[in-house]
Amino acid sequence: MLKTACQEQLLPGDSLQEKWEFAQNAGFDGIELRAKGDLHFEGRLPELRTAAADGVVMPTVCVDMLHFFGAFDAGLRRDAIDQMKSQLTVIAELGGLGAQTPASYGMFSRRLPPFEPPRGEEEERTVLLEGLTELGEHARAQGVALFLEPLNRYEDHMVNRLGQAVDLIGEVGLDSVKIGIDSYHMNIEEADPAAAILAAAPYIGHAQVSDSNRFQPGAGHLDWPAWLGALHAIGYDGYLAAECRLTGDPVAAVRSIPGFLRRSGA
């Protein structure tokens with residue numbers, strides 16, 4: 001049975017301890033943290049250390065920043081890499097597995113005017129490889145992993161499909177760099193999401209879940225038995241972390257996620 005986690009902002013409660021109590025009662029196995037920029041996540045260390053000492057399970061962290069390691073501006077890229085290094089260090093101290101980030105978010109889309117980014121494909125590949133290598137080496141030193149998340153074509157123009165992530169990670173050549181798959185983005189980008197999981201099997205390190213409409217699993221039309229079946233087939237033993245919006249009563253919606261996923265094959 002796959003483990004389930006829920007991002008912290010979706011859980012009711014004023015503290016991580018309260019959120020964890022709710023999460024356990026709902027059937028979750030962990031809480032996925034969110035990390036803002038400006039070293040905000042590092043600033044939470046006293047809170048996070050106390051939560052960990054109280055038994056809160058926090059296996060992963062997902063970035064919540066305004067710019068990323070694939071930014072056009074060199075200064076923003078440097079800042080994003082430094083932020084990610086800090087987040088990797090913090091999640092390692094908490095005994096977690098790693099940190100998830102896209103190459104970029106909202107920076108440019110080839111599906112909208114002017115259609116062509118201000119940077120050529122060769123330069124973009126160099127930027128991505130350099131960033132992934134530096135972050136992967138830091139992750140390896142910390143004993144955790146960097147999870148590269150492919151986003152849909154409207155949110156990122158560089159890494160949209162699992163195959164593209166495999167190509168980059170294969171060239172980086174570090175076991176500490178993995179793919180963080182997301183069911184919502186895969187539903188848009190992959191012709192056959194289950195087949196894409198099978199093809200990328202050696203590189204998959206983390207999984208985030210939401211339905212085809214970005215709401216909680218069960219609120220859309222994604223083929224969950226096929227998607228989860230592919231994860232079982234490759235021997236994935238990590239977490240399914242809910243990263244979604246909520247429709248209906250938010251507390252009931254969050255409560256529904258673990259049961260729905262397990263009925264669907266998790």
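This note goes through the salt bridges of the structure.

1. Basis. The model is predicted, so local features need pLDDT of at least 70 and side-chain atom pairs count only at pLDDT 80 or more, while totals for chains, interfaces and linings use all residues. Residues are numbered from 1 along each chain as its sequence is written, and side-chain values use heavy atoms, with hydrogens and water left out.

2. Count. The structure holds 17 salt bridges. The term stands for a side-chain nitrogen of Lys or Arg within 4 Å of a carboxyl oxygen of Asp or Glu.

3. Network. Salt bridges link R34, D64, D182, R214 and E243 in a network.

4. R34 and D64. Their side chains form a salt bridge at 3.5 Å, N to O. R34 sits in strand β2 (residues 30-36) and D64 in strand β3 (residues 60-64), 30 residues apart. Helices (H or I, at least four residues) and strands (E, at least two) are DSSP runs, numbered from the N terminus. D64 is partly exposed, with a relative accessible area of 34%. Buried means under 20% relative accessible area, exposed over 50%, and partly exposed in between (1.4 Å probe, protein chains only).

5. R34 and E243. This salt bridge spans 3.0 Å, N to O. E243 lies in the loop between β8 (239-242) and α10 (250-263), so its pairing with R34 in strand β2 ties together parts 209 residues apart in sequence. Both R34 and E243 are buried.

6. E171 and R125. Here the salt bridge is 2.6 Å, N to O. E171 belongs to helix α6 (residues 162-172) and R125 to helix α5 (residues 121-142), so the pair ties together parts 46 residues apart in sequence. R125 is partly exposed, at 29% relative accessible area.
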